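Colleague: I am new to reading protein models. Could we go through some features one by one, with the general idea first and the case after it?

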Amino acid sequence: MIMACSGTGVMESSISNLFCAGDTVVVTRNGKFGDRMKQLSEVYGLNIVDLAYEWTETVKPADIAKALEENPEARGVIVTQSETSSGVLNDVKAVAEITAEYPDCVLIVDSITGIGAVECRTDEWGLDVVMTGSQKGLMLPPGLAALSVSDKAWKAYERSTLPKYYFDWGKY
């Protein structure tokens, strides 16, 4: 889907379209945009398992595996592929291998900086939602954002009860 908005718009849409208030999500944070995904999750009343790292540190897939083992009710894992603020590249393929073991848990990948700059094989790796923005790795004028949605993520959309209007994926 292509949306007339900034990357933050598709980030917010990934929360409002996939979850219900009180759902548990694992949020990885190693920079400004991981922090933003945590803030968006808070605004929508999600229960957050916060995996915070230094901004120069990569997300450890083993930490995500442990968080999901301890929180099997988690409905989502959120990771930034390429963190703009620090330049850190996270291994979203390894994270997808972990989340694939949880049929009700979607993997949301912020690749707003990554798409066009680093490898990101959405379908092959099993990434459920992948977001990008025109002004970052694609090096186009700002104002457009895009995302892909897997079948697994569409099932999450169908159960979502969070409010949405402009960013309602069903309308798109």
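Colleague: Where in the chain is M139 placed?

Modeller: This is a predicted model. In it, M139 sits in the loop between β6 (129-133) and β7 (144-149).

Colleague: How should I read a phi angle?

Modeller: Most residues other than glycine have a negative phi. M139 is not a glycine, yet its phi is positive, about 55 degrees.

Colleague: Now a pair of helices. Which values describe how two of them pack?

Modeller: Two packed helices are described by the angle between their axes and the distance between the axes. Take helix α1 (residues 7-16) and α2: the angle is about 45 degrees, and the axes are 10 Å apart. That angle makes α1 oblique to α2. The crossing of α1 and α2 is right-handed.

Colleague: Which residues make the contact between α1 and α2?

Modeller: From α1 they are T8, M11, E12, S14 and I15, and from α2 they are F33, R36, M37, L40 and S41. By type, the residues of this contact of α1 with α2 divide into five nonpolar, three polar and two charged.

Colleague: What is the arrangement of α3 and α4?

Modeller: Helix α3 (residues 61-70) and helix α4 (residues 92-99) pack at an angle of about 20 degrees, and their axes are 9 Å apart. Angles under 35 degrees count as roughly parallel, and α3 and α4 are therefore roughly parallel to each other. Their crossing is right-handed. On the α3 side the contact is made by P61, I64, A65 and L68, and on the α4 side by A94, V95, I98 and T99. The residues of this contact of α3 with α4 comprise seven nonpolar, one polar and no charged.

Colleague: S41 was named in the contact of α1 with α2. What else can be read about S41?

Modeller: Start with its place: S41 lies in helix α2 (residues 32-43). Its relative accessible area is 0%, so S41 is buried. Leaving aside neighbours within four places in sequence, S41 is in contact with I15, V25, V27, L46, I48 and I78. Its side chain also reaches the backbone oxygen of M37, at 2.9 Å.

Colleague: How do I compare separation along the chain with separation in space?

Modeller: Put the two values side by side. The C-alpha atoms of M1 and L147 are separated by 5.4 Å, and these residues are 146 residues apart along the chain. Y157 and A146 are eleven residues apart in sequence and 17 Å apart in space, C-alpha to C-alpha.

Colleague: What does M1 touch?

Modeller: M1 belongs to the segment before β1 (2-4). Apart from neighbours within four places in sequence, M1 is in contact with A145, A146, L147, V149, W154, W169 and Y172. With 26% relative accessibility, M1 counts as partly exposed.

Colleague: Last one. Which side chain makes a polar contact with the side chain of Y157?

Modeller: It is the side chain of D168, at 2.7 Å. Y157 is in helix α6 (residues 151-159). Buried means under 20% relative accessible area, and Y157 has 18%, so Y157 is buried. Not counting residues up to four places away in sequence, Y157 touches N17, L18, K164, D168, W169 and G170.

Technical notes:
Residues are numbered from 1 along each chain as its sequence is written. This is a predicted model: local features need pLDDT of at least 70, side-chain atom pairs count only at pLDDT 80 or more; totals for chains, interfaces and linings use all residues. Side-chain values use heavy atoms; hydrogens and water are left out. Helices (H or I, at least four residues) and strands (E, at least two) are DSSP runs, numbered from the N terminus. Buried means under 20% relative accessible area, exposed over 50%, partly exposed in between (1.4 Å probe, protein chains only). A polar contact is a pair of N or O atoms within 3.5 Å; within protein, one must be able to donate a hydrogen and the other to accept it, and residues adjacent in sequence count only if both atoms are side-chain atoms. Contact means heavy atoms within 4.5 Å. Axes are lines fitted to C-alpha atoms, for helices over the stretch in contact, and angles run from 0 to 180 degrees between N-to-C directions. Angles under 35 degrees count as roughly parallel, over 145 as roughly antiparallel, 65 to 115 as roughly perpendicular and the rest as oblique. A crossing is left-handed if the near helix is turned anticlockwise from the far one by less than a right angle, and right-handed if clockwise. Ala, Val, Leu, Ile, Met, Phe, Trp, Tyr, Cys and Pro count as nonpolar, Asp, Glu, Lys and Arg as charged, and the others, Gly among them, as polar.
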